[in-house]
Amino acid sequence: RVQVEGNRIGSKNYGILLVNASSIIVADNLVSIEQGGLNTSRATLLANVSDVDLKNNEIIGGEIGLAALECHNNRLQNNSISQSKNATYIQDSAGLKINNNSIQDAEFGLRLDNSSQNSVIGNLVEDCVIALYFSAAEDNRVLENQFVGINDTAMQIASSDNCEILENAVT
């Protein structure tokens with residue numbers, strides 16, 4: 001088991017990068033991407049990882065605040081993500097639990113592309129252009145989230161099937 005806990009990370013490109021791994025705890029970190037970094041910067045990137053607990057982190061900045069690419073059975077909970085173009089970007093991933101996160105000041109709050117069997121529950125998405133964006137997403141559950149102060153679109157769903165989007169509040 002690998003633990004990444006209690007760190008303060010400032011970077012121009014990547015803060016925490018986890019690739020081809022499993023059984024990891026990433027908790028209580030501050031990850032900040034400085035302005036002027038690459039337009040491909042990711043504060044926290046998970047690529048082809050499974051059984052990761054990413055919790056209680058503060059993530060600030062980056063083209064993508066939190067990215068999960070080709071991931072399975074991860075828990076992304078109780079994180080604060082702000083000032084990213086894509087606050088949370090999930091692609092080609094399944095079985096993720098994205099719960100009780102606070103997402104602020106982003107173009108896309110929660111974005112899932114070609115991902116299935118994920119749960120998105122109890123998140124606060126605030127002051128974003130688009131709160132929730134699904135593309136080619138199947139069998140996902142989106143429950144009891146709060147979308148507050150959305151500038152353009154609360155929920156944009158494209159080419160997706162069999163998703164439950166229930167009991168969310170848009171104000």
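A salt bridge is a side-chain nitrogen of Lys or Arg within 4 Å of a carboxyl oxygen of Asp or Glu. With that in hand, welcome to this structure: R1, D53 and R75 are linked in a network of salt bridges, and the count by this rule comes to six. This is a predicted model, in which local features need pLDDT of at least 70 and side-chain atom pairs count only at pLDDT 80 or more, while totals for chains, interfaces and linings use all residues. Residues are numbered from 1 along each chain as its sequence is written, and side-chain values use heavy atoms, with hydrogens and water left out.

**The R75 and D53 pair**

- Start with R75 and D53, whose side chains meet in a salt bridge at 2.5 Å, N to O.
- This pair links distant parts of the chain, 22 residues apart: R75 sits in strand β8 (residues 75-77) and D53 in strand β5 (residues 42-55).
- Strands here are DSSP runs of E with at least two residues, numbered from the N terminus.
- D53 counts as buried at 16% relative accessibility, where buried means under 20% relative accessible area, exposed over 50% and partly exposed in between (1.4 Å probe, protein chains only).
- R75 is partly exposed, with a relative accessible area of 24%.

**Two further salt bridges**

- The side chains of E63 and K85 meet in a salt bridge as well, at 3.9 Å from N to O.
- Distant parts of the chain are linked by this pair, 22 residues apart: E63 is in the loop between β6 (58-60) and β7 (64-69), and K85 is in the loop between β9 (80-82) and β10 (86-91).
- E63 counts as partly exposed at 24% relative accessibility, and K85 is partly exposed at 38%.
- R111 and D113 also form a salt bridge through their side chains, at 3.4 Å from N to O.
- D113 is buried, with a relative accessible area of 11%.

**A look at N123**

- You will find N123 in the loop between β14 (119-121) and β15 (124-126).
- N123 is buried, with a relative accessible area of 1%.
- The side chain of N123 reaches the backbone oxygen of I98 at 2.9 Å.
- Leaving aside residues up to four places away in sequence, N123 touches I98, N99, N100, N101, L110, E144, N145 and Q146; contact means heavy atoms within 4.5 Å.

Key: Helix = DSSP H or I, 4+ residues; strand = E, 2+ residues; numbered from the N terminus. Polar contact = N/O pair within 3.5 Å; in protein donor to acceptor, adjacent residues only side chain to side chain.
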